[in-house]
Amino acid sequence: MKRVINYPYPSNSGALKNAFCHTIKEVELVQGENALELTTGGDFYEDNTGNRFFVYAGEGVLEWQDCLKYLDFNNLPFSFLSYFLSKKEHSPNASNLIKRKIQEFVEVYDKNILKNTLYLAPLNFEKLDKALISGQIQRRENEARPY
């Protein structure tokens with residue numbers, strides 16, 4: 001699957017690389033819109049000036065500033081995210097890595113709200129989002145019961 005990104009630099013060459021920095025595929029980058037394959041599992045693009053960037057699933061044209069951070073929510077336990085969102089504080093058992101992942105999740109969520117669409121959908125984002133929505137629906141149903 002491909003996504004269009006807005007590349008801000010003059011045209012040059014680049015490469016799609018795996019997590020071990022081995023080139024998977026050479027690409028030509030033009031200033032402006034480029035249709036590139038999504039990055040997953042640690043893959044990234046690197047242009048010939050050393051800029052690394054990531055292409056995530058989502059809707060619309062992906063802006064350059066939203067390509068620069070590696071986002072992957074596969075290792076974000078739902079329980080820690082749910083705890084943070086319901087209590088407005090981190091679980092005492094949350095590691096610094098989990099706290100950072102929660103902050104990144106909230107940033108992506110806020111950006112999607114601002115864009116009024118699923119603009120950014122990094123790995124596991126949609127799954128966590130759906131789990132949060134179903135959890136909220138379950139809580140509301142439970143609160144309505146008199147017992």
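I started with Tyr45, which counts as buried at 2% relative accessibility; buried means under 20% relative accessible area, exposed over 50%, and partly exposed in between (1.4 Å probe, protein chains only). The model is predicted, so I took local features at pLDDT of at least 70 and side-chain atom pairs at pLDDT 80 or more, while totals for chains, interfaces and linings use all residues. Residues are numbered from 1 along each chain as its sequence is written, and side-chain values use heavy atoms, with hydrogens and water left out.

**Entry: aromatic pairs**

I looked for ring pairs next. Rings of Phe, Tyr and Trp (its six-membered ring) pair if their centres lie within 6.5 Å; planes under 30 degrees apart count as stacked, over 60 as edge-to-face and the rest as tilted. By this rule I get 13 aromatic pairs. Tyr45 and Phe53 make a stacked pair, 5.4 Å centre to centre with 15° between the planes. Phe53 is buried, with a relative accessible area of 0%. Phe105 and Phe125 have ring centres 4.8 Å apart and planes at 35°, so I list this pair as tilted. Phe105 lies in helix H2 (residues 96–115) and Phe125 in helix H3 (residues 125–144), so the pair ties together parts 20 residues apart in sequence. Helices (H or I, at least four residues) and strands (E, at least two) are DSSP runs, numbered from the N terminus. Both Phe105 and Phe125 are buried. I also noted one aromatic cluster, formed by Tyr7, Tyr9, Tyr45, Phe53 and Trp64.

**Entry: charges over Tyr119**

I checked for charges over rings, where NZ of Lys or CZ of Arg must be within 6 Å of the ring centre and within 35 degrees of the ring normal. The charged end of Arg3 sits over the ring of Tyr119, 5.3 Å from its centre. The charged end of Lys115 also sits over the Tyr119 ring, 4.5 Å from the centre.

**Entry: strand S5**

I went back to Tyr45 and its strand. In a regular strand the side chains alternate between the two faces of the sheet. Strand S5 (residues 44–47) is covered on both faces: Phe44 and Glu46 on one side, and Tyr45 and Asp47 on the other, are all buried. Two strands pair if DSSP finds at least two bridges between them. S5 pairs with strand S2 (residues 12–17) in the antiparallel sense over 4 bridges, and Leu16 stands opposite Tyr45. S5 and strand S6 (residues 52–53) run antiparallel and are joined by 2 bridges. Phe53 is the bridge partner of Tyr45 in S6. The hairpin of S5 and S6 has 4 residues between the strands, and Gly50 there takes a positive phi near 95°.

**Entry: salt bridges**

I searched the whole structure and found 6 salt bridges, each a side-chain nitrogen of Lys or Arg within 4 Å of a carboxyl oxygen of Asp or Glu. Lys25 bridges to Glu37, with the closest N and O atoms 2.6 Å apart. Lys25 lies in strand S3 (residues 23–29) and Glu37 in strand S4 (residues 32–37), so the pair ties together parts 12 residues apart in sequence. Glu104 bridges to Arg100 at 3.0 Å between the closest N and O atoms. These two are 4 residues apart in helix H2, which means about one helical turn separates them. Glu104 is buried at 4% relative accessible area, whereas Arg100 is partly exposed at 42%. Salt bridges that share partners join Lys17, Glu46 and Arg52 into one network. Within it, the closest N and O atoms of Glu46 and Arg52 are 3.5 Å apart.
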